[in-house]
Amino acid sequence: MDDTDSALLGHLQRDARLTNRELARLTGIAPSTCLERVRNLRARGIITGYHAAVDPRALGRSLQALIFARLRPLSREVITSFRGYLSGLPEVLSVLVVSGDEDFVIHVAVPTIEDLHAFLMDRVSARREVVDFRSSVIYQRTVTQVLTPLGGADDG
């Protein structure tokens, strides 16, 4: 990964709708070179896809929370099953399997505190493998828009 690849990634992360011609202009390379480099970044698995960012509040989900859950018995099958269950729930934005005191961190977005309570009671605590959980309401959230290579990392 060189400076040109990093610049391409930065521009695409800010606006994935840029045309190849505009992306080439912004990075100072020929459109044919730009197209080949972006294809190469996709082929190497550095660019994994494109998506539209959606504001949950615009969809009536003004309350976001993190739920920390512990499961037992802890096995690959239990983790896989619970992760699959959570991934299918419309309230769930992301699921993280983690180390430490908890086994899962679940990021949810719901309309109200009552809906969060119902989610916890009806969806989380209803599962037999969940032995403990706690939740934290998110007051503010900042997302890193552009991910760049770190010095010393294997850049491919």
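Predicted model: local features only at pLDDT ≥ 70, side-chain atom pairs only at ≥ 80, totals over all residues.
**Entry 1: Arg 44 and its partner**

I looked up Arg 44 and found a relative accessibility of 34%, so this residue counts as partly exposed. Its side chain meets that of Asp 5 in a salt bridge, with N to O at 3.9 Å. The two residues sit in distant parts of the chain, Asp 5 in helix 1 and Arg 44 in the loop between helix 3 and strand 1, 39 residues apart. For Asp 5 I read 8% relative accessibility, which means that this partner counts as buried.

**Entry 2: Arg 37 and Asp 2**

I then turned to Arg 37, whose side chain forms a salt bridge with that of Asp 2 at 3.0 Å, N to O. This pair, too, links distant parts of the chain, since Arg 37 belongs to helix 3 (residues 31-43) and Asp 2 to the segment before helix 1, 35 residues apart. Arg 37 has 23% relative accessibility and therefore counts as partly exposed, and Asp 2, at 33%, is also classed as partly exposed. Putting these two entries side by side, I recorded that Asp 2, Asp 5, Arg 37 and Arg 44 are linked in a network of salt bridges.

**Entry 3: Glu 91 and Arg 123**

I next checked Glu 91, which forms a salt bridge with Arg 123, the closest N and O atoms lying 3.8 Å apart. Because Glu 91 lies in the loop between helix 4 (76-87) and strand 2 (92-97), while Arg 123 is in helix 5 (residues 113-124), the pair ties together parts that are 32 residues apart in sequence. Glu 91 is buried, with a relative accessible area of 18%, whereas Arg 123 counts as partly exposed at 30% relative accessibility. I put the count of salt bridges in the model at 10.

**Entry 4: the largest pocket**

Finally I looked up the largest pocket, whose volume is about 1,300 Å³. The lining is made up of 40 residues, and those closest to the pocket centre are His 51, Ala 53, Val 143, Thr 144 and Gln 145. Helix 1 (3-14) and strand 1 (63-71) are the elements that give two or more residues to this lining, and the largest share, four residues, comes from helix 1. Sorted by class, I noted 21 nonpolar, 11 polar and eight charged residues in the lining.

Definitions and conventions
Residues numbered from 1 in each chain as written. Heavy atoms only, no water. 1 Å grid on protein atoms, 1.4 Å probe; cavity = no way out; pocket = protein on both sides within 12 Å on 5 of 7 lines; lining within 4 Å. Points joined across faces, edges and corners; volume = space filled by probe spheres on them. Nonpolar A, V, L, I, M, F, W, Y, C, P; charged D, E, K, R; others polar. Salt bridge = Lys/Arg side-chain N within 4 Å of Asp/Glu carboxyl O. Buried < 20%, exposed > 50% of the residue type's maximum accessible area, 1.4 Å probe, protein only.
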